[in-house]
Amino acid sequence: MKNLNQFIKNTEEKTMFLCCNDCYALNGLIKSDKYIVTTAFANIVSARTGFEASFFKHYLEQENVRQIIVAGHANCCMLSHIMDSNNEANYWQDTKEKLLQLESAFGSLSNGNKNSITKIMEYHVAIQINNLLKSPYFQILLEEFPISVKGIIIDDFNDSKVLEVDQQLAVGLPVNLN
């Protein structure tokens, strides 16, 4: 398993990292025009979070981005906030339902079990990649631009080790994506 520094050095193309608002592992590591870091609350990709065609089209056309990396991280306080039983925000309800299904399959985010947290994050990132690739506006962009989309999990508890996410996880998810 590579650490984040090694992973970034091996990233060849103009790359956009889409990461969570509270993922600080990328701070200071990315100092090149080759990389763009953008954030989204809990790394949630949907039209409701503002990730629409114009957002990606700008980066693909104007910044020549050719790779998007959805970067989840082990110490995600945003997902914990969504799962908080006192959080009644309907805005994140679909994400909360998927996370509840993942927790029933792998264990709670709040139990401190590193394997459970990593597995939930891995599936969460796979879901976000799936959301991105299946969105009608992004499919149009894929026809216009050669672009690669992948996911990683940054273990911010363990020297920022990086786990590359198998995108096919979204196909066999133990959750209902509809």
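Which residues in H4 meet which residues in H5? Thr95, Lys98, Leu99, Leu102, Glu103 and Phe106 are the ones on the H4 side, and they meet Ser116, Lys119, Ile120, Tyr123, His124 and Ile127 in H5. Keep in mind that this is a predicted model. The protein chain has six helices and six strands, and 47% of its 178 residues count as buried. Here's a quick tour, from the overall layout down to a few single residues.

**Overall layout**

- Reading from the N terminus on, the elements of the protein chain go β-α-β-β-α-β-α-α-α-α-β-β.
- Take the contacts in the protein chain with a separation of 6 or more: 64% of them are between residues 24 or more positions apart.

**The sheet**

- The six strands make an open sheet in the order E1-E6-E5-E4-E2-E3, and the pairing is mixed.
- As background, strands of a sheet pair through backbone hydrogen bonds, either parallel or antiparallel.
- E2 (residues 15-20) and E3 (residues 35-40) run parallel and are joined by six bridges. For a landmark here, look at phenylalanine 17, whose bridge partner in E3 is valine 37.
- E2 also runs parallel to E4 (residues 67-73), this time with five bridges. Leucine 18 is the one to look for, standing opposite valine 70 in E4.
- E4 and E5 (residues 148-155) are another parallel pair, joined by seven bridges. Histidine 73 has isoleucine 154 as its bridge partner in E5.
- How many of the six residues of E2 are buried? Six of the six are, so E2 is largely enclosed by the rest of the structure.
- In general, side chains in a regular strand alternate between the two faces of the sheet.

**H4 against H5**

- The axes of H4 (residues 93-106) and H5 (residues 114-134) come within 10 Å and cross at roughly 140 degrees. That angle makes H4 oblique to H5.
- The crossing of H4 and H5 is right-handed.
- By type, the residues of the contact of H4 with H5 split into six nonpolar, three polar and three charged.

- The axes of H5 and H6 (residues 136-144) come within 5 Å, crossing at roughly 70 degrees. H5 is therefore roughly perpendicular to H6.
- On the H5 side, Leu132, Leu133 and Lys134 make the contact, and they meet Pro136, Phe138, Gln139 and Leu142 in H6.
- The residues of this contact of H5 with H6 come out as five nonpolar, one polar and one charged.
- H5 also lies across E4, E5 and E6 (161-165), running at about 160 degrees to E5.

**The loop between H2 and E4**

- Glutamate 63 is in the loop between H2 and E4, and at 29% relative accessibility it counts as partly exposed.
- Leaving aside residues up to four places away in sequence, glutamate 63 touches Lys14, Ile36 and His58.
- Glutamate 63 and lysine 34 are 29 residues apart in sequence, and C-alpha to C-alpha they are 9.3 Å apart in space.
- Asparagine 64 is found in the loop between H2 (53-61) and E4 too. Asparagine 64 is partly exposed, with a relative accessible area of 45%.
- What is phi of asparagine 64 near? It is near 60 degrees, a positive value in a residue other than glycine.
- For context, most residues other than glycine have a negative phi.

**Aspartate 155**

- Is aspartate 155 buried or exposed? At 9% relative accessibility, aspartate 155 counts as buried.
- Aspartate 155 has its place in strand E5.
- Not counting residues up to four places away in sequence, aspartate 155 touches Ala74, Lys114, Ser160 and Lys161.

Notes. Residues numbered from 1 in each chain as written. Predicted model: local features only at pLDDT ≥ 70, side-chain atom pairs only at ≥ 80, totals over all residues. Heavy atoms only, no water. Axes fitted to C-alpha atoms, helices over the stretch in contact; angles between N-to-C directions. Helix = DSSP H or I, 4+ residues; strand = E, 2+ residues; numbered from the N terminus. Parallel < 35°, antiparallel > 145°, perpendicular 65-115°, else oblique. Left-handed = near helix turned anticlockwise from the far one by under 90°. Contact = heavy atoms within 4.5 Å. Nonpolar A, V, L, I, M, F, W, Y, C, P; charged D, E, K, R; others polar. Buried < 20%, exposed > 50% of the residue type's maximum accessible area, 1.4 Å probe, protein only. Pairing = 2+ DSSP bridges.
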